[in-house]
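Me: I have a chain open and want to talk it through. Can you take some quick questions?

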Amino acid sequence: MIQRALWSSAAGMAAAARQVDLTAGNLANVNTPGFKAARADFADLVYAAAQVPVAPPAAAAGGVQVGHGVRLAATPRLWSQGPLQATGSPWDLAIEGPGFFQVADPGTGEVLLTRGGTFMASPVPAGVPGGGEAGEALLVTDGAGRPLLAAGGQPLLLPAGSRGWVVSPDGEVRALLAGGREVPAGRLAVIVPPAPDALESRGEGLYALGGNPVLAMAPGQGGAGWIRQGMLEQSNVDLALEMTRLLASQRAYQLNARAVLTGDEMLGLINRLRS
């Protein structure tokens, strides 16, 4: 029985430690634009029926159910909308809704999804589809150089000499040229995954569809959400909730550690009685 208590307490300590790790990750990204918090879901380990002499007899007829601790079952993300904050930068975009921007990994070409909307424009390098000669146009990328994809899955390009861009709520992009002249430059398309929990996290706020084909749609259609220029979506981490979870996890770890210590002392006492 003491060994069972030791194993159950050890499982509780491991579960509390995972909760602390997850909470630390959420707190570390409380100021990361577009970050989605994760939570820990726990499940009971197997129960066993222990035959013990208890009263009334009916209570012991089927045995007493004794648990064997807890385990981490899943760490789903919370996909709720984060607050939108005005940044004053025309290159910042936010989505007010469940959609995701599309960017392409420059190394593999894989399409990745992101809620982070910090973009910039730089001279297009050679080899970009539709970019013509190197330097003839501007390529819109995220902070790590991943091209932002427009409708049709092609990188979004602005004409050479563009001094900025204007993005309407429904995703229409117009390049700003000298003299304040505006010319059409394309249209953004966003993706609404049918099952966000099935997305594969690639770090840095990027997610892969995992081979599941999903059609991109224009912002404002099908509940995809609207584009907000000059704003960034902030993290949806609830600071008060995370601090509460952190304190609860610390208390759970301390309680299980004390149970291990008590079990060890009981085993020592038994050994001394036998000697």
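Me: Which residues are buried in α1?
Reply: In α1, the buried residues are I2, S8, S9, A11, G12, M13, A15, A16, Q19, L22, T23 and N26. Buried means under 20% relative accessible area, exposed means over 50%, and partly exposed lies in between (1.4 Å probe, protein chains only). Helices (H or I, at least four residues) and strands (E, at least two) are DSSP runs, numbered from the N terminus.

Me: What should I know about the source?
Reply: This is a predicted model: local features need pLDDT of at least 70, side-chain atom pairs count only at pLDDT 80 or more, and totals for chains, interfaces and linings use all residues. Residues are numbered from 1 along each chain as its sequence is written, and side-chain values use heavy atoms, with hydrogens and water left out.

Me: Back to α1. What span should its 27 residues have?
Reply: Helix α1 (residues 2-28) should span 39 Å at 1.5 Å a residue. Its end C-alpha atoms are 39 Å apart, which agrees. The expected span is 1.5 Å times one less than the number of residues.

Me: Zooming out, how many helices and strands are in the chain?
Reply: The chain has 3 helices and 18 strands. Its radius of gyration is 27 Å, well over the 19 Å that the globule rule gives for 275 residues, so the chain is more spread out than a compact globule. That radius is taken over C-alpha atoms, and the rule is 2.2 Å times the number of residues to the power 0.38. Along its principal axes, the C-alpha trace spans about 95 × 35 × 35 Å.

Me: How much of the chain do buried residues make up?
Reply: Buried residues make up 35% of the 275 residues.

Me: Sheets next. What is the strand order in the open sheet of 4 strands?
Reply: The order is β7-β8-β16-β15, with antiparallel pairing. β7 (101-104) and β15 stand at the edges with a single partner strand each, so one side of each has no neighbour in the sheet. Two strands pair if DSSP finds at least two bridges between them.

Me: How many bridges join β7 to β8?
Reply: 4 bridges join β7 to β8 (residues 111-114), and the two run antiparallel. A104 stands opposite V111 in β8.

Me: And what about β15 and β16?
Reply: β15 (residues 200-203) and β16 (residues 206-208) pair in the antiparallel sense over 3 bridges. S201 stands opposite Y207 in β16. Their hairpin has 2 residues between the strands, and E204 takes a positive phi near 55 degrees there.

Me: What order does the open sheet of 3 strands have?
Reply: That order is β12-β13-β14, with antiparallel pairing. The edge strands are β12 (164-167) and β14 (182-187), each pairing on one side only. 5 bridges join β13 (residues 172-176) to β14. The bridge partner of E172 in β14 is R187.

Me: Is T141 buried or exposed?
Reply: T141 is buried, because its relative accessible area is 4%. T141 is found in β10 (residues 137-142).

Me: Which residues does T141 touch?
Reply: Not counting residues up to four places away in sequence, T141 touches T118, F119, M120, R146, P147 and L148. Contact means heavy atoms within 4.5 Å.

Me: Last one. Is R272 exposed or buried?
Reply: R272 counts as exposed, at 55% relative accessibility. R272 has its place in helix α3 (residues 239-274).
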